[in-house]
Amino acid sequence: MRVASALLTALTAFSAYYVYTPLPSTVSEPWKLMLLDATFRCAQDLSNLAHYIGFSHHLRVLNFISGYFDKLDPFSSGHLKVTDTVFDGVEVRIFEPMKEPYETLKRSIIYIHGGGWALGGARMRSYDSLCRKISEDVNAVVVSIEYRLVPDVHFPTPVYDVLSASKYFMRPEVLEKYSVDPDRIAISGDSAGGNLAAVVCQQLAEDPNVTTKVKLQALIYPVLQLLDFNTPSYQQNTDMPILSRFVMIKFWLDYLNGSHAYAHALLVNNHTSLDVREAGSLRERLNWNSLLPLAFKKDYKPVLQSTGTPNIIQAIPALLDIRASPLIAQKETLQLLPKTYILTCEHDVLRDDGSMYARRLQEAGIDVTHDHYEDGFHGCMIFATWPTYFSIGARTRDAYIKWLNENL
Ligand SMILES: *[C@@H]1O[C@H](CO)[C@@H](O)[C@H](O)[C@H]1NC(C)=O
Ligand SMILES: *[C@@H]1O[C@H](CO)[C@@H](O)[C@H](O)[C@H]1NC(C)=O
Ligand SMILES: *[C@@H]1O[C@H](CO)[C@@H](O)[C@H](O)[C@H]1NC(C)=O
């Protein structure tokens, strides 16, 4: 009896520790979110333990736990033909609508999944079903890119994977094979996939050899910069599920192949302090005092150190690379970009990344639709199906698809 009650107490304490996180009442379905977050944190702790005892890299373990049982073979259903193939050495999954009446040429969306450059996949159930839904609802060919993940590769390899696959698809003979209209191609992605989508749109826009122009870019709560981890949204949502500030910083360090020993220095913006000369000109393009609406700034104060840790830049030069932080691209680059959709969530450390990009693009003369969700949290769009259904997941997904349908 005593053993049983001690066990029960321990179990309750353990669950309370894992599950209970104080959440603002304005976030969508807080209890469900707490459970989802607890599952995710539990998986992260197990992965860190496995890493610590030398079993395997924590991201490999985490990817295994979160995705292994969730990979789907390509199967065609209803009016969709689904196939896995390879574009210029990069794996892709293609969704082709077979619905009548056959249009002469179809619209197309290149989709780049999220997961901190380390998790997720085109074959995973959540992304497979999202791409099916987009393909069916827009009656468009969807190319979902299975770029290689951290820690097998690091920056900039995922950028090159996405760029190579996109360029291959945009060749006239390949578009013809899939009956795709070259004037109606969109590039889209969520979270780290939104980062890759934004980077690849900039690279394609500046590449004189690419003759096919992208018509739209659609970025879902994208990661766009790592110069400032103290934007108002980073300050406000430091411990918000399912992406805390510290976890985001570790995803960045793993992506750039930098040591986790730098995480605390990044947290206080020591990498962009005033004595880091290389960051001077870039900082101006990310002055959130001027780029954010008052309602977002509230009474948060910018964190700008006068002395920091300049040697981080030597250790991790990619910290200042525009192919990592598309938010800080030159205005001349932004002016070349296509019509844009940006979705942001209030309860997300990355809210201000998206919001600042929307503002910078508008200032460069680009037509931008910025959809902001007051009850949204990071990653919500892929939680739109059982068993992790959230109403905010379905609402964000449907609004995004509607925009694609009306604008592509
Ligand atoms: C464009 O193509 C030429 C010839 O193939 C090549 O030398 C050049 O590097 C290409 N430019 C870019 C930006 O890829
Ligand atoms: C990543 O960093 C490790 C250790 O600093 C180094 O040995 C390795 O070559 C790096 N990998 C890449 C792809 O740069
Ligand atoms: C930030 O830089 C300052 C000045 O070099 C240093 O004293 C401080 O310890 C650094 N903070 C972290 C967390 O690395």
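**Close-up views of a predicted model**

**View 1. Aspartate 348 in its loop.** Aspartate 348 is buried, with a relative accessible area of 1%. The model shown here and in every view below is predicted. Aspartate 348 sits in a loop, with strand E7 (339-347) on one side and helix H16 (351-363) on the other. Leaving out residues up to four places away in sequence, aspartate 348 touches Tyr221, Ser233, Asn237 and His378. With histidine 378 there is also a polar contact: the two side chains meet at 2.9 Å. Between proline 158 and aspartate 348 lie 190 residues of sequence separation and 24 Å of space, C-alpha to C-alpha.

View 2. Glutamate 146 belongs to strand E4 (residues 140-146). Is glutamate 146 buried or exposed? Its relative accessibility is 14%, and buried means under 20%, so glutamate 146 counts as buried. The side chains of glutamate 146 and arginine 123 form a polar contact of 2.9 Å. Beyond four places in sequence, the residues that glutamate 146 touches are Val90, Glu91, Val92, His113, Gly121, Ala122 and Arg123.

**View 3. Aspartate 161 in helix H5.** Aspartate 161 is placed in helix H5 (residues 157-169). At 5% relative accessibility, aspartate 161 counts as buried. Val90, Tyr147 and Arg148 are the residues touched by aspartate 161, once those up to four places away in sequence are set aside. Val90 is also among the residues touched by glutamate 146.

**View 4. Helix H4 and its cover.** Helix H4 (residues 125-138) has 14 residues. From first C-alpha to last, H4 reaches 20 Å, close to the 20 Å expected at 1.5 Å a residue. Which residues of H4 are buried? They are Ser126, Tyr127, Asp128, Leu130, Cys131, Arg132, Ile134, Ser135 and Val138. An α-helix has 3.6 residues a turn, so residues three or four places apart point the same way. The cover over the buried residues of H4 includes strands E1 (80-87), E2 (90-97), E3 (106-112), E4 and E5 (180-190). Helix H17 (391-407) is also part of that cover. After H4 comes asparagine 139, with a positive phi near 55°.

**View 5. Helix H2 from end to end.** Helix H2 covers residues 30-52, 23 residues in total. At 1.5 Å a residue, H2 should span 33 Å; the C-alpha atoms at its ends are 32 Å apart, which agrees. Buried in H2 are Leu33, Met34, Leu36, Asp37, Ala38, Ala43, Gln44, Ser47 and Ala50. Glycine 54 follows H2, and its phi is positive, near 80°.

**View 6. The surroundings of ligand 3.** Which residues surround ligand 3? They are His264, Ala265, Asn270, Thr307, Gly308 and Thr309. Taken alone, ligand 3 exposes 360 Å², and the protein buries 45% of that. By class, the shell holds one nonpolar residue, five polar residues and no charged ones.

Terms used
Residues numbered from 1 in each chain as written. Chains lettered and ligands numbered in written order. Predicted model: local features only at pLDDT ≥ 70, side-chain atom pairs only at ≥ 80, totals over all residues. Heavy atoms only, no water. Helix = DSSP H or I, 4+ residues; strand = E, 2+ residues; numbered from the N terminus. Expected span 1.5 Å × (residues − 1). Buried < 20%, exposed > 50% of the residue type's maximum accessible area, 1.4 Å probe, protein only. Polar contact = N/O pair within 3.5 Å; in protein donor to acceptor, adjacent residues only side chain to side chain. Contact = heavy atoms within 4.5 Å. Near = heavy atom within 4 Å. Areas by Shrake-Rupley, 256 points an atom, 1.4 Å probe, with all protein chains shown as cover. Nonpolar A, V, L, I, M, F, W, Y, C, P; charged D, E, K, R; others polar.
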